Amino acid sequence: MDDDRTTIQELKDEIKEFCDERDWGKYHSAKELSIGMITESAELIDHFRFKSDNEADEILADEKKRKEVNEELSDVLYFVLRFAQKYKIDLAHELREKMKKNSQKYPLDKAKGSNKKYNEL
Ligand SMILES: [Mg+2]
């Protein structure tokens, strides 16, 4: 679990090295990396398709199935990080900026405990 202390920059550097060694940069356009995110997201959601919330919890409690889910989640993150690395996007900065926007779209007094979209609040 200590791996979670790894920085985003360290992960970007590891992914860049991995891709550079394989000469994959030529395949990693913004479009292809975006497709990768969606494809891997589909593989992730396939584990939970047609499952109830309780069944999804059971999947995550099963060691083998949880590992498979973890791998798909990591595949999604790989494409997110590769996109950010290749196109020089400061992900921590961008995420914090987006969360600021979200906190304005979803003010606590209106959004707390609600699943309504911001335009329905
Ligand atoms: Mg996958």
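Glu-40 and Glu-43 both belong to helix α2, which spans residues 30–46, and they are 3 residues apart, about one turn of the helix. Helices here are DSSP runs of H or I with at least four residues, strands are runs of E with at least two, and both are numbered from the N terminus. The model is a predicted one, in which local features need pLDDT of at least 70 and side-chain atom pairs count only at pLDDT 80 or more, while totals for chains, interfaces and linings use all residues. Residues are numbered from 1 along each chain as its sequence is written, and side-chain values use heavy atoms, with hydrogens and water left out.

## The magnesium site

The magnesium ion is coordinated by Glu-40 (OE), Glu-43 (OE), Glu-72 (OE) and Asp-75 (OD), at 2.1 to 2.2 Å. Along the chain, the donors of the magnesium ion follow the spacing E-x2-E-x28-E-x2-D. Donors are N, O and S atoms within 2.8 Å of the metal (3.2 Å for Na, K and Ca), and since water is not among the atoms, sites may look incomplete.

Glu-40 is buried, with a relative accessible area of 12%, whereas Glu-43, at 33% relative accessibility, counts as partly exposed. These classes are set with a 1.4 Å probe on protein chains only: buried means under 20% relative accessible area, exposed over 50%, and partly exposed in between. When residues up to four places away in sequence are not counted, Glu-40 touches Glu-72, Asp-75, Val-76 and Phe-79, where contact means heavy atoms within 4.5 Å. The C-alpha atoms of Glu-40 and Leu-73 are separated by 7.6 Å, although these residues are 33 apart along the chain.

| C-alpha pair | Separation along the chain | Distance |
|---|---|---|
| Glu-40 and Leu-73 | 33 residues | 7.6 Å |
| Leu-77 and Met-37 | 40 residues | 7.8 Å |
| Ser-41 and Leu-77 | 36 residues | 9.6 Å |

Ser-41 lies in helix α2 and, at 30% relative accessibility, counts as partly exposed.

## The largest pocket

The largest pocket has a volume of about 580 Å³. On a 1 Å grid over the protein atoms alone, a pocket is an open set of points, reached by a 1.4 Å probe, with protein on both sides within 12 Å along at least five of seven lines, and lining residues have an atom within 4 Å of a point. Grid points are joined across faces, edges and corners, and the volume is the space filled by probe spheres set on the points.

The lining comprises 14 residues, of which Asp-4, Leu-11, Asn-70, Ser-74 and Leu-77 lie nearest the centre of the pocket. Helices α1 and α4 each supply at least two residues of this lining, and the largest share, 7 residues, comes from α4. By class, the lining has 7 nonpolar, 3 polar and 4 charged residues. Leu-77 is found in helix α4 and, at 43% relative accessibility, counts as partly exposed.

## The nonpolar core

The largest nonpolar core consists of 7 residues, namely Ile-15, Cys-19, Leu-33, Tyr-78, Phe-79, Leu-81 and Phe-83. The elements that give two or more residues to this core are α1 (8–21) and α4 (63–86), and α4 gives the most, with 4 residues. Such a core is a set of buried Ala, Val, Leu, Ile, Met, Phe, Trp, Tyr and Cys residues joined through side-chain atoms within 4.5 Å.

With neighbours within four places in sequence left aside, Ile-15 is in contact with Tyr-78, Leu-81 and Arg-82. Gln-85 lies in helix α4 and, at 15% relative accessibility, counts as buried.

## Loop residues with positive phi

Most residues other than glycine have a negative phi. Asp-23, in the loop between α1 and α2, has a positive phi near 55° and is partly exposed, with a relative accessible area of 46%. Lys-88, in the loop between α4 and α5 (91–105), has a positive phi near 50° and is exposed, with a relative accessible area of 75%.

Definitions and conventions. Nonpolar A, V, L, I, M, F, W, Y, C, P; charged D, E, K, R; others polar.
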